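Thanks for making the time this morning. I would like to walk through one model with you, and I will start with a question once it is on the screen.

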Amino acid sequence: MLSKPTIVKMFDEQAKAFAEFSQESFQWHHMEKGIYDKYLSDNFLNNSEILDIGSGAGRIMKYLNQRGVLEENITGVDVSSEMVKIAKNRLPGATFANQDIAHLDLSNKNFSLVTSHMVFEFLDNDQLHKTLKQAYDHMAENGTLMYTTTHPNKMASGDYANYKDKQFWIDTSAPWEGGISTFHRPTNDFINATIKAGFHIDRIIEIGFDLSAKEESALKVAKYLKYGPMRLMVMARKLTKVKKPSARAVLYT
Ligand SMILES: C[S@@+](CC[C@H](N)C(=O)[O-])C[C@H]1O[C@@H](n2cnc3c(N)ncnc32)[C@H](O)[C@@H]1O
């Protein structure tokens, strides 16, 4: 168990290793990318202005760009300046901000899609609530939020006695290089925090390896099978505000 880590130092130091790892990782190719392929239609993407919060070395931004979204329609925000530097090199036409997403402050408050991939596990509860609220405030009405995080089951890694009631920092080694500290919370906390920020949840997806993973490495898949779902994705919308009829109006119409 760890105290709150200094995220900036951690990711500044690991930026290069993470950049090399992330784009080609087994998890990305056989577990995460397929979900974006499935749930983001070309039609939706072509008309989107996208904000990626916790954009790191630009993996999701690059993916979106490869799916046809113009760089100028993508904004990335990350608290690590080293990560932002690498991402800027990869996407010179995109917009970047070196900010803490819990205190996000961009002039554009009209994004139609906000993505966040493998970031919320690095936020404590207060930061998570603030970040979701900021995402909501930076979105156009009817905009979509799509975030993926390490599944709480995987985070607990078998320590299910602590799963439901306790929330704590976990110290592990990163699949790229060095150590990371992630914050465990149960699934219902993610869901409730999303609702509390004002979002309407459309879909929850519990993600595991796809079939192609076994063909590449049955051994790697076997290692993770015991955890069940490995990623949690939440898709939510900022619904257009409709004026609620007053109780009186409901009674008399
Ligand atoms: C595991 S990386 C994921 C990066 C990217 N989303 C991807 O999937 O390749 C986590 C990123 O979240 C960023 N991050 C963590 N806490 C943050 C915060 N409070 N504000 C902004 N960025 C944050 C880190 O700097 C790091 O770049």
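Which residues in H4 are buried? They are Arg-59, Ile-60, Met-61, Tyr-63 and Leu-64, where buried means that 20 or more other C-beta atoms lie within 10 Å of the residue's own, exposed means 12 or fewer, and partly exposed is what falls in between, with C-beta atoms placed from the backbone. When I say helix or strand, I mean DSSP runs numbered from the N terminus, with helices being H or I of at least four residues and strands being E of at least two.

Before going further, please keep in mind that this is a predicted model, in which local features need pLDDT of at least 70 and side-chain atom pairs count only at pLDDT 80 or more, while totals for chains, interfaces and linings use all residues. Residues are numbered from 1 along each chain as its sequence is written.

Turning to the ligand, 21 residues surround it, and the closest are Phe-11, Gly-54, Gly-56, Arg-59 and Val-79; a residue is counted here if its C-beta atom, placed from the backbone, lies within 6 Å of the molecule. Helix H1 (7-24) and helix H4 (59-66) each supply at least two residues of this shell, and the largest share, three residues, comes from H1. By class, the shell has 11 nonpolar, seven polar and three charged residues, with Ala, Val, Leu, Ile, Met, Phe, Trp, Tyr, Cys and Pro counted as nonpolar, Asp, Glu, Lys and Arg as charged, and the others, Gly among them, as polar.

H1 also packs with helix H5 (residues 81-90), at an angle of about 30° and with the axes 7 Å apart; the axes are lines fitted to C-alpha atoms over the stretch in contact, and angles run from 0 to 180 degrees between N-to-C directions. H1 and H5 are therefore roughly parallel to each other, a term used for angles under 35 degrees. On the H1 side the contact is made by Phe-11, Asp-12, Ala-15 and Ala-19, and on the H5 side by Ser-81, Glu-82, Met-83 and Ile-86, contact meaning C-beta atoms, placed from the backbone, within 7 Å.

Finally, a word on the backbone: most residues other than glycine have a negative phi. Met-118, in the loop between strand S4 (111-117) and helix H6 (125-137), has a positive phi near 60°, and it counts as buried because it has 20 C-beta neighbours inside 10 Å. Asn-142, in strand S5 (residues 139-150), has a positive phi of about 70°, and it counts as exposed because it has 10 C-beta neighbours inside 10 Å.

Key. Parallel < 35°, antiparallel > 145°, perpendicular 65-115°, else oblique. Contact = placed C-beta atoms within 7 Å.
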